[in-house]
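Please have the sequence and the structure open side by side.

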Amino acid sequence: MDFIRSAWAFATNSRSKFPLWIIPLLLLADALLSAVVVLKVPYTEIDWKAYMEQVTQYLAGERDYSLIKGGTGPLVYPAGHLYIYSLLYRLTDNGTNILRAQWIFSTLYLATLYVVLLCYREARAPPYILPLLLISKRLHSIYLLRLFNDPFSLFFLFVAVLLWQKRMWTLGSMAYSASISVKMNTLLVLPAVGVILLQAVGRDKAIRQATIMAQLQFVLASPFLLEYPRSYLARAFELTRQFLFKWTVNWRFVGEETFLSKQFSVGLLVVHVLLLLLFLITQWKRPSQRSFPGFVSLVFSPPTEREELQISSRVTPRYILYSILSANTIGMLCARSLHYQFYSWLAWGTPYVLWQSGLGLPWIVPLWLAQEWAWNVYPSTNISSGVVVGVLGLSTVGLLLGGKNVEEPEEKRGVSDRKKRS
C-alpha cells in the first residue's frame, strides 16, 4: 500500500518539475512506435506533390505568389513554408524519396515531443498526463503519413513557449515569428502573446518584441514583398478564404446552409472576441494584480520599475503555457472550419489543458479519448463534429474556471535574476 501511495503521489505531483529521466523513456517509446508506423502503414498522398510543384516554380525564379500553384491549388502559405519545403525538396531527391521524407518528419515529430515535454516540465505538469502525448493515432498520421506543413509551425510555436518560460524573450519572439512564417494558424495565440509580453517586460520592451517579430517577417518575405507585395500579402495571409462544407471536421452538425452563411461566420467572430475579452478580464491579467482598467493603464502609464519587476515575477512558466493554450483553444472553438491536419494545433496541448481545467483523472482520459475518436472519423458526421465542438467547449469552460494559481512567483528565483534576464 505504501508503494502504491508513493507511486500515485509521484504521478500526480504538480508542485515540482517531474524528473528529467522521464523524457528519454517517453522519446524512446514514441520513436519505436513512429518507426512501426512509417514501416508498416501505407503513406497517403494529399499535399506533398502540390508542395513540391510550388517549390519547383519558386526555385525556377518565380516570385509572384499569384502565379505559384500546385495540384491542389495556389500557394497560400507565407515564405517560411517555401524555404522549408525547398530544403526538403533537395533532401528527398526533388521530392521523389517519400520514405526519406517520412523519416525527416519522424525526427520533427520527436523533436516537437521533446520540446513539448520540456514546456510541460517547466509548467510543473503532473507525470500521469504525459503518456497521452504519445498515443494519438491522428497526430502520428499527420506527421508521418501526410507530411503537412502544420508540424513545422507547431514546432516553432512550442520552441517559442519554452524560450519564454526560460525568460528568453527575444529568442522566443523570433521563434514565434518563424512559426507564423510557415502557416498563419499560430496567429490564434497572438492576443495571449501580447498580454504575456506586456506584463513580463513592460510596454516599451513589449513593443520592441513586436517590432522584432515584424522585422523577421519582412526579412523572410523580402524576395516577394520587394517585387510583388500585394500578391504576397493577399495569398500568404488570406483572411477571406472560403471553406468547403465537405471538409469540415467541427461544424458538420449545423448543416451546409448555416455553415456557408455570413451570419454564422460573423457570429463565430463575435463569440471569439468576447471569449478573448473574458479571459483577459478574468485570467490573463492576473500577474498584474490589477482591475481591468488598471491593467489597460499599463499601456498608457507604465508602472514604476519596482512594480514592473513584481508583475514580471508573477509571469510564471505555468501562466505562459496556460495563456498560450487557452488562446489556442478559444481560437479552435470559434474557427470557421477545422480540417484534419489542424488536429496538430490541438493535440500537443490537450493533456495539459484538460489537467489545468481541474477536471481530474476520471474526466481527463474520457474527454481525451472522445476527442481522439472524433478526429479519426472520416468523413466527419453530425455526431463526431458535435463531439469535436463539445470537447473544445468543455475545455474552454474548464480553463476559465481552472485558471487560478498560475501566476505564483517562481521558486528560488530572485528579483535581480529576473531583471537581468528581462
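Which residues does Tyr85 touch, not counting residues up to four places away in sequence? In this predicted model, Tyr85 contacts Trp48, Tyr51, Met52, Val55, Phe105, Leu147, Phe148, Asn149 and Phe152.

Tyr85 also has a place in the largest nonpolar core, which holds 130 residues. Together with Tyr120, Trp164 and Trp284, Tyr85 touches the most other members of that core. Helix H9, residues 190–225, gives the most to this core, namely 13 residues.

Most residues other than glycine have a negative phi. Leu147 is not a glycine, yet its phi is positive, at about 60°. Leu147 sits in the loop that runs between helix H6 (137–146) and helix H7 (150–165). With a relative accessibility of 0%, Leu147 counts as buried, because the cut-off for that class is under 20%.

Asp93 belongs to the loop between helix H4 (79–91) and helix H5 (98–122). Is Asp93 buried, partly exposed or exposed? Its relative accessibility is 39%, so Asp93 counts as partly exposed.

The last site concerns the peptide bond itself. Most peptide bonds are trans. The bond that joins Tyr378 and Pro379, however, is cis, with omega at about -10°. Pro379 is found in the loop between helix H18 (361–375) and helix H19 (382–401).

Terms used: Residues numbered from 1 in each chain as written. Predicted model: local features only at pLDDT ≥ 70, side-chain atom pairs only at ≥ 80, totals over all residues. Heavy atoms only, no water. Core = buried A, V, L, I, M, F, W, Y, C linked by side-chain atoms within 4.5 Å. Buried < 20%, exposed > 50% of the residue type's maximum accessible area, 1.4 Å probe, protein only. Helix = DSSP H or I, 4+ residues; strand = E, 2+ residues; numbered from the N terminus. Contact = heavy atoms within 4.5 Å.
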